[in-house]
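Biologist: Please show me the model, and then let us go through some of its residues.

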Amino acid sequence: MAIATPVSAELRTIREKVLAGERLDLDDGITLLECDDLLSLGELADSARRLRGGNEEVYFVNNLYLNHTTICRVKCKFCAFARTAKQADAEMWEIDDLVAHALRVREHQEFSEIHMVGGENPHLDFSYYVDITAALRKAMPDVHLKLFTASEIHHMTKLSGLTHEDVLKELIKAGLDTLPGGGAEVFAPRVRKIVAPGKEPGETWLQTHRTAHALGLRTHCTMLYNHVETYEERIEHLLALRDLQDDTSGFMAFIPLPFHPENTVFERRGWKFTTGMDDLKMVAVSRLMLDNVEHVKAYWIMISTPLAQVALHFGANDIQGTVVEEKIAHAAGAVTPTEEKVGDLVHVIREAGKVPVQRDTFYNVIRRFDP
Ligand code: SF4
């Protein structure tokens with residue numbers, strides 16, 4: 001005898017809206033985050049994904065992560081990555097060395113995308129960014145270059161005196177293909193003042209992506225959650241992204257990023273890692289609120305592969321990538337063969353009951369792994 005899962009009263013009205021294709025509002029979003037009926041929430045997000053054309057396919061990309069520098073002037077309080085130039089373990093790659101490193105990795109890993117971000121190094125000229133883009137493009141004409149967060153683009157306007165539009169135009173001319181979604185954090189000024197007081201306002205992040213979209217770049221969007229933000233501020237962030245997407249259709253995917261307090265001031269203050277409950281809620285609520293963003297990623301690097309598998313039933317349809325990443329400070333180190341990395345992800349997706357699809361950055365199918 002089948003037993004129907006009861007749907008909690010607070011979800012019932014929202015469920016009706018979702019099934020009728022109606023847009024959810026701020027109050028709906030807060031209600032969803034406050035709701036502890038996790039299975040109903042997941043089922044609703046999965047229904048929304050299916051209603052918008054989703055099927056059993058789950059995407060992944062074979063990509064290489066690079067960090068050209070860890071030196072950063074901004075000092076965000078949640079950041080364990082940034083270094084000052086004087087710290088012994090600060091990293092700053094010469095262009096030729098970085099390109100040579102990427103080419104070495106490519107001998108073993110057929111990545112289709114380079115995802116490169118770095119600190120806001122005040123000791124660099126804008127020409128470094130243009131030249132490193134051009135050098136990667138020349139060395140790997142067939143690889144998609146997903147480089148520099150909107151915060152880094154803003155930093156480049158300071159270095160160069162150019163507008164955001166002109167910085168982007170120079171980078172596009174050099175070979176830039178798309179922007180990653182980092183740097184968005186949480187847009188609320190109250191939150192930014194506490195966790196990233198040295199960072200530009202959230203409006204600048206949005207405006208930079210708006211400008212990129214107008215120039216024909218498609219980009220990605222994110223939110224870093226689980227620090228000082230309220231549920232209301234989370235939903236306002238999603239609504240700001242949704243509004244921009246209504247105008248431009250320029251976002252390809254949303255990636256909810258949980259904040260990890262390790263090695264940050266928040267760890268010393270007793271901050272905790274996100275729980276699986278919160279991570280799954282964020283995936284589901286992102287899918288439900290962002291009704292105009294086609295892809296939601298379960299970022300396995302931060303939420304773990306077991307939880308990412310569950311997230312594929314909570315509205316996510318992408319598991320991010322192979323993230324080929326030997327520690328770039330040890331550039332000559334061994335790398336894992338591509339097939340092993342891809343095979344791992346294929347296994348994870350299949351075991352979740354889904355069909356793995358290797359994609360390029362624009363979600364064109366490279367290889368479908370039929371059962
Ligand atoms: S701008 Fe980026 S690299 Fe710099 S401190 Fe903030 S999060 Fe870290």
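Modeller: The largest cavity is lined by Tyr-225, Pro-256, Asp-279, Val-283, Lys-297, Ala-298, Tyr-299 and Ile-303. This is a predicted model, where local features need pLDDT of at least 70, side-chain atom pairs count only at pLDDT 80 or more, and totals for chains, interfaces and linings use all residues. Residues are numbered from 1 along each chain as its sequence is written, and side-chain values use heavy atoms, with hydrogens and water left out.

Biologist: Is His-115 buried or exposed?

Modeller: His-115 sits in strand E3 (residues 113-116). Buried means under 20% relative accessible area, exposed over 50%, and partly exposed in between (1.4 Å probe, protein chains only). Because its relative accessibility is 12%, His-115 is buried.

Biologist: With which side chain does the side chain of His-115 make a polar contact?

Modeller: Leaving aside neighbours within four places in sequence, His-115 is in contact (heavy atoms within 4.5 Å) with residues including Leu-64, Pro-180 and Lys-146. A polar contact is a pair of N or O atoms within 3.5 Å, one able to donate a hydrogen and the other to accept it within protein; residues adjacent in sequence count only if both atoms are side-chain atoms. At 3.2 Å, the partner is the side chain of Lys-146.

Conventions. Helices (H or I, at least four residues) and strands (E, at least two) are DSSP runs, numbered from the N terminus. On a 1 Å grid over the protein atoms alone, a cavity is a set of points where a 1.4 Å probe fits but cannot get out, and a pocket is an open set with protein on both sides within 12 Å along at least five of seven lines; lining residues have an atom within 4 Å of a point.
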